[in-house]
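Take a look at the structure, then work along step by step.

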Amino acid sequence: MTTIEYDVIVIGAGPVGENVADRVVQGGLTAAIVERELVGGECSYWACMPTKALLRSASALRAARQLPGAREAVTGDLDAAAVLSRRDSFASHWQDDGQVSWLASAGIALHRGQGRISSARVVEVTGVDGVTTTLTARHAVVVATGSSALLPDIPGLREATPWSSREAASASSVPRRLAIIGGGVVAAEMATAFAALGSAVTVLARDGLLPSAEPFASELVTESLREAGVSVRPGAEAVAVDRDDSGVVHIETASGERIEADEVLVAVGRTPNTQDIGLDRVGLAPGAWLAVDDTLRVVGGGEWLYAAGDVNRRVLLTHQGKYQARAVGDVIVARAKGAKVEDGRWGRHVATADERAVPQVVFTDPEIASVGLTAAAAEAAGLRIRVVDYDLGAVAGASLHADGYRGHARMVVDEDRKVIVGLTLAGPDVAELIHAATIAIVGEVPLDRLWHAVPAYPTVSEVWLRLLETYGR
């Protein structure tokens, strides 16, 4: 058995783990990263990049068809094979050579295999050949193992070999009929993608479609999916699933309806990848989410153990996980060197934005871009708010962007502080607009000062002026 010592050991080589290790090395410490699958993680091969590649071609085609002149130049339908091929390239054909090369160039050691914490600051890595290597950390161990798709206990579901988000993102062909159990972001995006690729899609959304979004956003996406031929069924609950000998999947709902499909995608949530990483050896529960303090130390795990990304359940989004990773890497370096820890609100070593300034884009048609609190969440937080709505399609830039542009904007204002605490945009190509709102919320920019941030004309960003005018400035 080989024993190697590093300053920091990171379990999990997804974007979160990579960023933790990079910050540590940039801070002058040594770092090793442990990975049992592909370096680059879920986002690189089965989520962010390949799924958006599946969606982008259809989005560009829809945009062209909304513009006279461009519309007439479109002579065919979407080429599904070409879309899947482009998706493959964004997933690096499920090879991680490029990511491994980057680790080496960044000075980060890679150990392939299953990493398990065996005691304080010690991680044992079991390779595919069964050989175990013991890694010892001088300062910290960081768990960045992410999450996996949750499979609910529906009779017959496991035996029916359903798709998870992974199988949907890496599908080699387009099923003629696709049923989706769930109504969240994955369900909405994959319904959009596969309907555009030619599948007859049915969405069983027990809790509604995009239930965490502003209601108008959910309604716009639902309407658009139905116009695209998707059967969206809010309130429908799958109670039994069976795949017959011919491969057809039969889904029974609580109302007694039976739905047939060639594939069924389950998109009902996530579960932490903590089942087999040795948590029981340090007094923590295997398979549990890891609670952390403001500096992302694991509660009850000792001063040497940290958790970043999905696994701590603060925010299950890649960009927030990378944001946490920067804070974790920097605070580990600060503590190792005896430097001051900046752990106050908005300090360098905390992830304050996780609380009320999380941006998110749902790449449906229309896109939904949001940051901060919805109106309902702001009220639940006890804020005295004012909600300002505006028809995004009425902005001059939107009318130029596409004929018949349909969209909506909502600004949530904290009336006591006169600052924005939430903004949601729904419309074609609104994803690139959301960072301005993120800056306004993080910076707690007063509305009186925002009045002086003049949007260029004629752009869709002029919605900022219209929202402020509607507010009554």
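Asp-330 has a relative accessibility of 10%, so this residue counts as buried (buried means under 20% relative accessible area, exposed over 50% and partly exposed in between, with a 1.4 Å probe and protein chains only). Keep in mind that this is a predicted model, where local features need pLDDT of at least 70, side-chain atom pairs count only at pLDDT 80 or more, and totals for chains, interfaces and linings use all residues. Residues are numbered from 1 along each chain as its sequence is written, and side-chain values use heavy atoms, with hydrogens and water left out.

**Exercise 1.** Work out which parts of the chain the salt bridge between Arg-112 and Asp-96 ties together, and whether each partner is buried or partly exposed.

*Solution.* 
- Step 1: The N to O distance of this pair is 2.9 Å.
- Step 2: Arg-112 belongs to strand β3 (109-112) and Asp-96 to the loop between α5 (80-90) and α6 (97-105), so the bridge joins parts 16 residues apart in sequence.
- Step 3: Arg-112 is partly exposed at 41% relative accessible area, whereas Asp-96, at 7%, is buried.

**Exercise 2.** Now look at the salt bridges of the whole structure: how many are there, and which residues form a network?

*Solution.* 
- Step 1: The structure holds 34 salt bridges.
- Step 2: Arg-345, Glu-355, Asp-414, Arg-417 and Glu-444 are linked in a network.

**Exercise 3.** Describe how helix α16 (463-471) packs.

*Solution.* 
- Step 1: Its buried residues are Val-463, Trp-464, Leu-467, Leu-468 and Tyr-471.
- Step 2: Down the axis of α16, these fall within an arc of 135°, so they line one face of the helix; the arc is that of the directions from the helix axis to the C-beta atoms.
- Step 3: They pack against β19 (385-391), β20 (408-414), β21 (419-427), α14 (434-442) and α15 (447-450), where contact means heavy atoms within 4.5 Å.
- Step 4: Just after α16, Gly-472 adopts a positive phi of about 115°.

Definitions and conventions. Helix = DSSP H or I, 4+ residues; strand = E, 2+ residues; numbered from the N terminus. Salt bridge = Lys/Arg side-chain N within 4 Å of Asp/Glu carboxyl O.
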